[in-house]
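Please view the sequence and structure below before reading on.

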Amino acid sequence: MRIVAANWKMNLRRQSALELASRLKADGRQCWLFPSFPLLPAVAQAIAGSGLLLGAQDVSPEEDGAFTGDVSAGQLADAGCSLVLVGHSERRHGHGERHPLLLRKLKRAAAEGLKIVYCVGETLAERQAGRAETVTGEQLGTLQKLDESERAMIAAVAYEPVWAIGTGENATPQQAQEIHAGLRAALQRLGISAPLLYGGSVKPDNARELLTQPDVAGVLVGGASLDYESLAAIDNAAMEA
Ligand code: PEP
């Protein structure tokens, strides 16, 4: 079965998030939902008893304490999360998050029992310079610093080319497969058997072709996950792939 992960980013209000989550539950869907922090407890309640999983979009590297505005892994677990995104490009590029910080986040999340969706992806300039594989390989290298029990907490690795996120321009299925094949081999060397997701302007009309690539085990969807019809169409494509 292919994975469909919905990154709602800083979108939706309580009412619209609950409507979306309730419809997905009523359909018996098994997507992974990543609402923003304040929506987590309400969505957790709405999806209780379903096959839907709840995740957060970010996590503090600290355990607790005086870190205004941050949210700890323990608080996320308390709020009903079983998953967390680490290394999303909007954190890497919008907030300057790099290897040392991401490693601390990975370790904190794993210590609290949160499963991780670790994101990697190259910028347009890096792709144009022929460095897509090198950059994504280096980003994946952060996982080398995890011990065996922490590596077991990697639920998925998402390849999200920065130039494809929110731009309407998705990687071609061939481009996605090419990078995924390299990441698959690198993950094997690390002893990590996590599935690889593709993210970046996934829509109902391109999901099927992306999802039928041999190393694409699922998709991480931003914009198209905010609307029930389009998320359901992508999930249907994932079930048929
Ligand atoms: C994302 O942010 O994870 C993402 C893939 O966004 P979009 O689908 O909107 O490109």
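Just after helix α1, G28 takes a positive phi of about 75°. The structure is a predicted model, in which local features need pLDDT of at least 70, side-chain atom pairs count only at pLDDT 80 or more, and totals for chains, interfaces and linings use all residues. Residues are numbered from 1 along each chain as its sequence is written, and side-chain values use heavy atoms, with hydrogens and water left out.

**Helix α1**

- Helices are DSSP runs of H or I with at least four residues, strands are runs of E with at least two, and both are numbered from the N terminus.
- Helix α1 comprises 13 residues, 14-26, and reaches 18 Å from its first C-alpha to its last.
- That reach is close to the expected 18 Å, where the expected span is 1.5 Å times one less than the number of residues.

- A17, L18, L20, A21 and L24 are buried in α1 (buried means under 20% relative accessible area, exposed over 50%, partly exposed in between, with a 1.4 Å probe and protein chains only).
- They lie on the same side of α1 because they cover an arc of only 165° around the axis, taken from the directions from the helix axis to the C-beta atoms.
- Q15 and A26, on the other side of α1, are exposed.
- The cover over the buried residues of α1 includes β2 (32-34), α2 (40-47) and α11 (228-240).

**S230 in α11**

- S230 is found in helix α11 and is buried, with a relative accessible area of 13%.
- Leaving aside neighbours within four places in sequence, S230 is in contact (heavy atoms within 4.5 Å) with P204 and A224.
- A polar atom of the S230 side chain lies 2.5 Å from the backbone oxygen of A224.

How values were computed: A polar contact is a pair of N or O atoms within 3.5 Å; within protein, one must be able to donate a hydrogen and the other to accept it, and residues adjacent in sequence count only if both atoms are side-chain atoms.
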